Amino acid sequence: MPGGYLAGDQPASEPTAWGSLALSAAGQLEASRVACDWLVACQARNGSVGVNRSEATPAWPTSLAILAWTQWQNASGTANYQRSIDSAIKWTLKTKGRTTDRKPEIGHDTTLVGWSWAADTHSWLEPTALFVRALNAAGHANHERTEEATRMLVDRLLPTGGANYGNTRVLDQYLLPHVQPSGLVMWALARLPTDDSRIAASLDYLDSAIQQPLGAASLAFAILGLKAHGRQSAHYEQKLETAFAGLSSDASPYKLALLAMATQEGSHS
């Protein structure tokens, strides 16, 4: 059941991995396995997973492949994908976003190492969040790379809560938070120890944000982040039902997978 970003599109690693995660969380292990096998076929010799079968780079979807394989193994009680997981983690731990010296006009700590969207570029928030979640799920929560990247995620949160693509202050101006990266970071930080007050502030921001109209992906990421921290509300489920109902008959597999993931979050933990 490999899928793309739009119905009928070429299958891609990100929507396929999200689909696998949603299916295995719902107990649909055979369909999830088909997606996991497709991701194995995308894996390069160095362990990375590119954006699709024909494009090996950029390889940030490696994080989602690790998550999909790990969750399927946990759900099935088998180790079918352990070699793929081990190879992907080996590549992940060798891969680093670029750092720079700190500058007074930039608010975030540019010396902290995370992961980037593309090789040899700055560590950014969303790919780092995905790798932190993947390493935590695969049993590497205490690895030094996971711990430093966790500090990076917290460092990129805005003082009043929420996050954007990874900047906080530029030229003495604080940037505005955005729903999707904020939800993704909250999802990544859910099982990792941190008592920073910006976590609660970010959850409050997400809870407020979903009172407004949102696209399917942003809504799904917001609810993923909230539920991962134990916040539950009948309003969240109503929002998800409305989002499902608003999708067309040829809906994006990517949006379907994300909404299904948000529905499942918290019900199988």
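**Ground rules.** I number residues from 1 along each chain as its sequence is written, and my side-chain values use heavy atoms, with hydrogens and water left out. As the model is predicted, local features need pLDDT of at least 70 and side-chain atom pairs count only at pLDDT 80 or more, while totals for chains, interfaces and linings use all residues.

**Entry 1: S13.** I started with S13, which is found in helix α1 (residues 13–25). My helices (H or I, at least four residues) and strands (E, at least two) are DSSP runs, numbered from the N terminus. Is S13 buried or exposed? S13 counts as buried, because its relative accessibility is 1%. For that word I use under 20% relative accessible area; exposed is over 50%, and partly exposed is in between (1.4 Å probe, protein chains only). I then looked up what S13 touches, where contact means heavy atoms within 4.5 Å. Not counting residues up to four places away in sequence, S13 touches W38, L39, C42, V49, G50, V51, N52 and P61.

**Entry 2: α9 with α11.** Next I turned to helix packing. Two packed helices are described by the angle between their axes and the distance between the axes. My axes are lines fitted to C-alpha atoms, for helices over the stretch in contact, and angles run from 0 to 180 degrees between N-to-C directions. The axes of helix α9 (residues 216–228) and helix α11 (residues 253–264) come within 8 Å and cross at roughly 25 degrees. That makes α9 roughly parallel to α11. The cut-offs are under 35 degrees for roughly parallel, over 145 for roughly antiparallel, 65 to 115 for roughly perpendicular, and oblique for the rest. I noted the crossing of α9 and α11 as left-handed, meaning that the near helix is turned anticlockwise from the far one by less than a right angle; clockwise would be right-handed. On the α9 side I found A216, A217, A220, F221, I223, L224 and K227, which meet Y254, K255, L258, L259, M261, A262 and T263 of α11. The residues of this contact divide into eleven nonpolar, one polar and two charged. Here Ala, Val, Leu, Ile, Met, Phe, Trp, Tyr, Cys and Pro count as nonpolar, Asp, Glu, Lys and Arg as charged, and the others, Gly among them, as polar.

**Entry 3: α3 with α5.** I found α3 and α5 packing at an angle of about 30 degrees, with axes 8 Å apart. That makes α3 roughly parallel to α5. The crossing of α3 and α5 is left-handed. T62, S63, L64, I66, L67 and T70 of α3 meet L130, F131, R133, A134 and A137 of α5. I sorted the residues of this contact into seven nonpolar, three polar and one charged.

**Entry 4: α7 and A188.** How many of the eleven residues of helix α7 (residues 179–189) are buried? Ten of them are, and I call the helix mostly covered. One of the buried residues is A188, with a relative accessibility of 1%. Leaving aside neighbours within four places in sequence, A188 is in contact with A129, V132, R133 and L153. I also checked α7 against helix α6 (residues 144–155): their axes come within 11 Å and cross at roughly 145 degrees. T150, L153 and V154 of α6 make the contact with V185, A188 and L189 of α7.

**Entry 5: rings.** I paired rings of Phe, Tyr and Trp (its six-membered ring) if their centres lie within 6.5 Å; planes under 30 degrees apart count as stacked, over 60 as edge-to-face and the rest as tilted. By this rule I counted eight aromatic pairs. W60 and W117 have ring centres 5.1 Å apart and planes at 90 degrees, so the pair is edge-to-face. The pair links distant parts of the chain, 57 residues apart. W60 counts as buried at 12% relative accessibility, whereas W117 counts as partly exposed at 33%. I also saw W18, W187 and F221 linked by ring pairs into a cluster.

**Entry 6: backbone.** Which peptide bond did I note as cis? The bond from T57 to P58 is cis, with omega near -5 degrees, and P58 is in the loop between α2 and α3. D120 has a positive phi of about 65 degrees although it is not a glycine; D120 is exposed, with a relative accessible area of 59%. L171, in the loop between β1 (169–170) and β2 (173–174), has a positive phi near 55 degrees. L171 counts as exposed at 63% relative accessibility.
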